[in-house]
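Here is a short briefing on one protein model. Look over the sequence and the 3D view, then read the points by topic.

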Amino acid sequence: MATPQTQSRKSARKTEAAPDAITLLKNDHREVEGWFDEFEETNSGAKKGKLARQICIALKVHTQIEEEIFYPACRAAGVEDDMMDEADVEHDGAKKLIDEIEAGKPGDDHWDARVKVLSEMIKHHVKEEEQRDGMFAKAKKADLDLEELGAQLQARKEELMARM
Ligand SMILES: [Fe+2]
Ligand SMILES: [Fe+2]
């Protein structure tokens, strides 16, 4: 029987309207891809600098919530460790480039090239996560509460974004 308390908790959760974990992570991927496309299309140094800052912040938050919440949940639910191990290493490679991009600015030697290579690394990594039989597909088949995980990812994302 639903007591008033459980009812209010349910409706509170509904108003938060956090997407499920896979939707949230895929939305992040699409957002960053859009910014990489815009970066590719512009010749304005100021716009490139702004886009690169947005991309770097978004990727730092995204990789952190995956590493803190999503990957461990996948491991605990029996998704093959190899997948998350490889993803961890790819994240580390991306973070090195992100640090270099953030330390530089448009016009610096190799700065554009670093953003370009970061976009290629992320494209590859996102494919590994999203492809058929990839990590997200396995997570969907595993015994995971994707709604609850989505709420956790959303909350942590907001917390980290506020700090950036
Ligand atoms: Fe991801
Ligand atoms: Fe990832």
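Glu66 bridges the iron ion (ligand 1) and the iron ion (ligand 2), and these two ions lie 3.3 Å apart. Donors here are N, O and S atoms within 2.8 Å of the metal (3.2 Å for Na, K and Ca); water is not among the atoms, so sites may look incomplete. This is a predicted model, in which local features need pLDDT of at least 70 and side-chain atom pairs count only at pLDDT 80 or more, while totals for chains, interfaces and linings use all residues. Residues are numbered from 1 along each chain as its sequence is written, chains are lettered from A and ligands numbered from 1 in the order in which they are written, and side-chain values use heavy atoms, with hydrogens and water left out.

**The overall fold**

- The protein has seven helices and zero strands. Helices (H or I, at least four residues) and strands (E, at least two) are DSSP runs, numbered from the N terminus.
- Along the sequence the pattern reads α-α-α-α-α-α-α.
- The C-alpha trace spans about 65 × 35 × 25 Å along its principal axes.
- Of the 164 residues, 35% count as buried. Buried means under 20% relative accessible area, exposed over 50%, and partly exposed in between (1.4 Å probe, protein chains only).
- Take the contacts between residues at least 6 apart in sequence: 75% of them join residues at least 24 apart. Contact means heavy atoms within 4.5 Å.

**The iron ion (ligand 1)**

- Which residues coordinate the iron ion (ligand 1)? They are His29 (NE2), His62 (NE2), Glu66 (OE) and Glu129 (OE), at 2.1 to 2.2 Å.
- Along the chain these donors follow the spacing H-x32-H-x3-E-x62-E.
- The four donor atoms subtend angles of 83 to 172° around the iron ion (ligand 1), so the arrangement is irregular. Four donors count as tetrahedral if all angles lie between 85 and 135 degrees; four count as square planar and six as octahedral if opposite donors are over 155 degrees apart and all others between 65 and 115; anything else is irregular.
- His29 sits in helix α2 (residues 21-41) and Glu129 in helix α5, so the pair ties together parts that are 100 residues apart in sequence.
- His29 is buried, at 5% relative accessible area. Glu129 is buried too, at 1%.

**The iron ion (ligand 2)**

- The protein donors of the iron ion (ligand 2) are Glu66 (OE), Tyr71 (OH), His91 (NE2), His125 (NE2) and Glu129 (OE).
- Distant parts of the chain are linked by one pair: His91 in helix α4 (residues 81-103) and His125 in helix α5, 34 residues apart.
- Are His91 and His125 buried or exposed? His91 is buried, with a relative accessible area of 2%. His125 is buried as well, at 6%.
- Leaving aside neighbours within four places in sequence, His91 is in contact with Thr63, Glu66, Glu67, Tyr71, His125 and Glu129.

**Helices α3 and α5**

- Helix α3 (residues 45-76) packs against helix α5 (residues 111-130) at an angle of about 35°, with axes 12 Å apart. Axes are lines fitted to C-alpha atoms, for helices over the stretch in contact, and angles run from 0 to 180 degrees between N-to-C directions.
- The α3 side of the contact includes His62, Glu66 and Tyr71. The α5 side includes His125 and Glu129.

**Asp28**

- Asp28 lies in helix α2. Asp28 is buried, with a relative accessible area of 8%.
- Not counting residues up to four places away in sequence, Asp28 touches His62, Ile65 and Lys157.
- The C-alpha atoms of Asp28 and Leu59 are separated by 8.5 Å, and the two residues are 31 apart along the chain.

**Two loop residues with positive phi**

- Most residues other than glycine have a negative phi.
- His110 has a positive phi of about 70° although it is not a glycine. His110 is in the loop between α4 and α5, and is exposed at 51% relative accessibility.
- Asp133 also has a positive phi, near 70°. Asp133 is in the loop between α5 and α6 (135-141), and is partly exposed at 45%.
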